[in-house]
Structure formats: structure tokens, C-alpha cells
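Colleague: I'm new to this one. Can you walk me through it?

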Amino acid sequence: MAQGKPDQPAHAADEGAPAAPVIRSTAALAAAMPAGPSNTDIELRLLMEAIYLRYSYDFRDYAGASQKRRVLHALAQFDCPTISELQARVLHDPTMFHQLLQYLTIPVSEMFRDPAFFLALRQQVVPRLATYASIKVWIAGCSTGEEVYSLAILLREEGLLDRALIYATDINPESLEKARQGIFSLESIRGHTRNYQKAGGKRAFSDYYTAAYNAAVFDKSLRENITFADHSLATDSVFSETQLISCRNVLIYFNKKLQDRAFGLFHESLCHRGFLVLGSKETLDFSGYANQFEPLVKQERIYRKL
Ligand SMILES: C[S@@+](CC[C@H](N)C(=O)[O-])C[C@H]1O[C@@H](n2cnc3c(N)ncnc32)[C@H](O)[C@@H]1O
């Protein structure tokens, strides 16, 4: 076939007429674009995918709105104009990823956070735990350790700490290191002390720490039976035969699929009639595991495996 013009013109109207302009206005292009996720949402997904591929941290199933807020906050702090640019920096620089991790993981905690919960734990769960010869506790998402020391103090006061093994896990290595050290700012101690008293504390809170400079150094003996370890609810597997699992203020950052994964791990890790406790804004209701647990103190999110 002879080279040159195609046999049929693409549009009959093209014949003999000057070529129609093909460049449309930006507004026309935008109007022609199908409705879909915003550029920010696309960039956010790509960032999480890149983090997973490069560092094996899986943030892909975290709740979108709060994740977006935290990444946008990080952008401002890092002086980074777009999420795509942040992605490039994170991919090529592990230090940058480590910094971003501090925004993605929300390392915020308090001792005896929600005192009414700790009071209910002391009054309703501890007497039942006391029936076991040895007690395994898993604190998932322990952050900087405030929850772990609170539980250790409570178990000591109830005479159970010596026969307890506590696994305190998190994905943020910096938080885990702080938790291991058990040193908290003196500034925060007043609030912790108030919480401890409301939670039914039996001694003077200052019995548990020594003040040094601006810090409260917690009694080393509290952590003799505690193992701090890296563990992700998004990618890792179960612990076996635990009597109590505490996962507070973590699932709130997950979407339903990831919450169900975590509930599956907890269900498998708990012994028969084991206890699961969640944060005040978290619930088993509407999850795929709702009928595998019964509420023991519903108001305080204390559940028991059926
Ligand atoms: C707001 S803090 C809660 C700390 C503590 N549980 C409390 O209630 O005070 C949330 C913690 O969950 C941890 N976290 C986030 N994603 C996680 C995951 N996939 N597996 C385990 N921990 C996770 C974070 O690193 C952070 O330390």
C-alpha cells in the first residue's frame, strides 16, 4: 500500500479544512476529567504504597481522614510542597522515613489514661485473672510505655505482678526505646498522679519513681517481667495463650478491614474466656468478631472471649 495519507480521513470534516485546534483550555480539561479521588488522595495512597515497598511498614489500611491530616501536618513541618516530593525524600532517605514515622504513629499516651477504665479493670478483671497460676498479658500499641507501667503498678498492688509476663509491643522503635527506659517528664507526673488516684491507686504514686532533674525515673523492678518488642498488627502474627490483651487507642486509626485483622489476632491469641480491653472510642460492635466476645463492662470497653 502506498505510504502517505490514510485511506479514510479520521473525520470527514477534516477534509480540505485547516486542522482543528486540539489544545483545550485547562478548564475544559478539568471539566472533562471524570470525578474521582483528589490528587492529594492519590499522592497519599502512592506514599503509603512506597513506604510499604521500601520499608515494609504497612499503613495502607489506616483510616484515611486522620492519616491525611497527619501527613499534611508533616509536610508543613518538613517544608515540603507536595506529598509526591515527600515520597521521593522518604524513598531515598531512611532518616526522613524515621522522622515521618513519628507523625504516622501518634506517640501520645498517659498513665492510667481513663481512670474509670483502670478502676473497672482492677475491680472486675483482676479478681478473675487471680484464678490463673500464671498470667500472660499483651499490650499492643504500647507507645512510650505509660500504659505498660500503669498496668504493672496495678498488678503489683493486686499481688499479681510476680506471676505475670507482659509483652508490650509497638511499631515505632523510638517509642519502644522510651518505654524500655521508663523515664517520664516531671511535668506530666501531676496528671498521672491524679489519674492513678481516681483509678483506685493504693499507695502514694511517688513510691513508684525517683525524681531526677526534670524527670521521673520509674522503679526498675516494675519491668522485670516485661518484654518490649517490635510487632505490627498490620503485618505480624499472633501471640499464644494470653489471658489479657490491652489494645487501647490504636484501632481508632485503622479502617474496618485492618481492625478486623487485629481482632482476628486477638481472638486467636487469647485463651478461652480471656479478656480484651479497648480504648474509650473503640468497639467490637460492627466488627466481624462481635459475636465471638461478650462485653464484661461495656461502658469501659472490657470484653471477654466466648
Ligand atoms: C495513641 S498511641 C496509644 C498508646 C497507648 N496504647 C495508650 O492508649 O495510651 C497509638 C500507638 O499505636 C501504635 N501503632 C500504630 N500502628 C500500629 C500497628 N500496626 N501495630 C502496632 N502498633 C501500632 C503507634 O506506634 C502508637 O504508639
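Colleague: Let's start with S150. Is S150 buried or exposed?

Modeller: Keep in mind that this is a predicted model. S150 has a relative accessible area of 0%, so it is buried. The cut-off for buried is under 20%.

Colleague: Where does S150 lie?

Modeller: S150 is part of helix α7, which covers residues 146-157.

Colleague: Another serine, then. Where is the place of S175?

Modeller: Look in helix α8, residues 173-181. S175 counts as buried, because its relative accessibility is 4% and buried means under 20%. Leaving aside neighbours within four places in sequence, S175 is in contact with P107, S143 and T144.

Colleague: Which strands does α8 lie across?

Modeller: Helix α8 lies across β2 and β6. It runs at about 170° to β6.

Colleague: What other helix packs on the sheet?

Modeller: Helix α10, residues 256-269, packs on the sheet. It touches β1, β7 (242-247), β8, β9 and β10 (302-305). Its direction makes about 140° with that of β8.

Colleague: Now the sheet of seven strands. What is the strand order?

Modeller: The order is β6-β2-β1-β7-β8-β10-β9. This is an open sheet with mixed pairing.

Colleague: Which strands stand at the edges?

Modeller: β6 (226-230) and β9 do. Each has a single partner strand, so one side of each is left without a neighbour in the sheet. Neighbouring strands here are turned by 20° against each other on average, direction ignored.

Colleague: How many bridges pair β1 with β2?

Modeller: Six bridges, in the parallel sense. β1 covers residues 135-140 and β2 covers residues 164-170. In one of these pairings, K136 has L165 in β2 as its bridge partner.

Colleague: There's an open sheet of three strands too. What is its order?

Modeller: That order is β3-β5-β4, with antiparallel pairing. β3 (183-185) and β4 (209-212) are the edge strands. Each has a single partner, so one side of each has no neighbour in the sheet. The twist averages 30° from one strand to the next.

Colleague: How many bridges join β4 to β5?

Modeller: Four bridges, and the two strands run antiparallel. β5 covers residues 215-218. T210 stands opposite V217 in β5.

Colleague: Which helix lies across β3, β4 and β5?

Modeller: Helix α9, residues 186-198. It runs at about 90° to β3.

Colleague: Switching to the ligand. How many residues surround it?

Modeller: 20 residues surround the ligand. The closest are Y62, S109, R113, E147 and D170.

Colleague: What is the distance from the S109 side chain to the ligand?

Modeller: An N or O atom of the S109 side chain is 2.6 Å from an oxygen atom of the ligand. Backbones take part too. A backbone N or O atom of G141 lies 2.9 Å from a ligand nitrogen. A polar backbone atom of R248 is 2.8 Å from a nitrogen atom of the ligand.

Colleague: How much of the ligand's area does the protein bury?

Modeller: The protein buries 98% of it. Taken alone, the ligand exposes 600 Å².

Colleague: On to loops. Which residues have a positive phi without being glycine?

Modeller: I106 has a phi of about 50° and is not a glycine. R301 is another case, with phi near 60°. Most residues other than glycine have a negative phi.

Colleague: Where are I106 and R301?

Modeller: I106 lies in the loop between α5 (94-104) and α6 (115-129). R301 is in the loop between β9 and β10. R301 counts as partly exposed, at 21% relative accessibility.

Colleague: Last one: where does A290 lie?

Modeller: A290 lies in the loop between β8 (270-278) and β9 (293-297). It is partly exposed, with a relative accessible area of 34%. Leaving aside neighbours within four places in sequence, A290 is in contact with L284 and D285. A290 and L222 are 34 Å apart in space, C-alpha to C-alpha, and 68 residues apart in sequence.

Terms used
Residues numbered from 1 in each chain as written. Predicted model: local features only at pLDDT ≥ 70, side-chain atom pairs only at ≥ 80, totals over all residues. Heavy atoms only, no water. Pairing = 2+ DSSP bridges. Axes fitted to C-alpha atoms, helices over the stretch in contact; angles between N-to-C directions. Contact = heavy atoms within 4.5 Å. Buried < 20%, exposed > 50% of the residue type's maximum accessible area, 1.4 Å probe, protein only. Near = heavy atom within 4 Å. Polar contact = N/O pair within 3.5 Å; in protein donor to acceptor, adjacent residues only side chain to side chain. Areas by Shrake-Rupley, 256 points an atom, 1.4 Å probe, with all protein chains shown as cover.
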